[in-house]
Amino acid sequence: MGYRILIVDDSEIIRKIVRKSIGMSGLDVGEIFEAENGVQALKVLDNEWVDIVLADLNMPEMSGMELVEKMSSDNLLVSIPVVIVSSEHSETRIEELKKKG
């Protein structure tokens, strides 16, 4: 049974690139879900179990930072690893995310 992955990015092109990269990695993938922002990601997480979330930081409606905050305060979602896939490289932001787990 393969990994269930959620890709969260407001750019459809970036989601496709991440999806293609995952496919090329040889990783055993069961299903890939996509969301355009944190609000949509939480809806997916309400209905589907995922093994890992790959998320952008800067998105409309709910940013990646807000998504991480919501997930870290939820008993079921807190254990799901989140990998930030972003061009932002602010050390302050990185430290804030690390503190949230």
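The chain's secondary structure comes to four helices and four strands, taken as DSSP runs numbered from the N terminus (helices: H or I, at least four residues; strands: E, at least two). This is a predicted model, in which local features need pLDDT of at least 70 and side-chain atom pairs count only at pLDDT 80 or more, while totals for chains, interfaces and linings use all residues. Residues are numbered from 1 along each chain as its sequence is written, and side-chain values use heavy atoms, without hydrogens and water.

Along the sequence, the pattern is β-α-β-α-β-α-β-α. The four strands make an open, parallel sheet in the order 2-1-3-4; two strands pair if DSSP finds at least two bridges between them. Strand 2 (29-35) and strand 4 (82-84) are at the edges with a single partner strand each, so one side of each has no neighbour in the sheet. From one strand to the next, the twist averages 20 degrees, with axes fitted to C-alpha atoms (for helices over the stretch in contact) and angles running from 0 to 180 degrees between N-to-C directions.

Strand 1 (residues 3-8) and strand 3 (residues 52-55) run parallel and are joined by four bridges. Here Val-8 stands opposite Ala-55 in strand 3. Helix 1 (residues 12-25) packs on the sheet and touches strand 1, strand 2 and strand 3, contact meaning heavy atoms within 4.5 Å. The direction of helix 1 makes about 170 degrees with that of strand 2.

For the chain as a whole, 36% of the 101 residues count as buried, that is, under 20% relative accessible area with a 1.4 Å probe, protein chains only. Among contacts between residues at least 6 apart in sequence, 71% join residues at least 24 apart.

Key
Buried means under 20% relative accessible area, exposed over 50%, partly exposed in between (1.4 Å probe, protein chains only).
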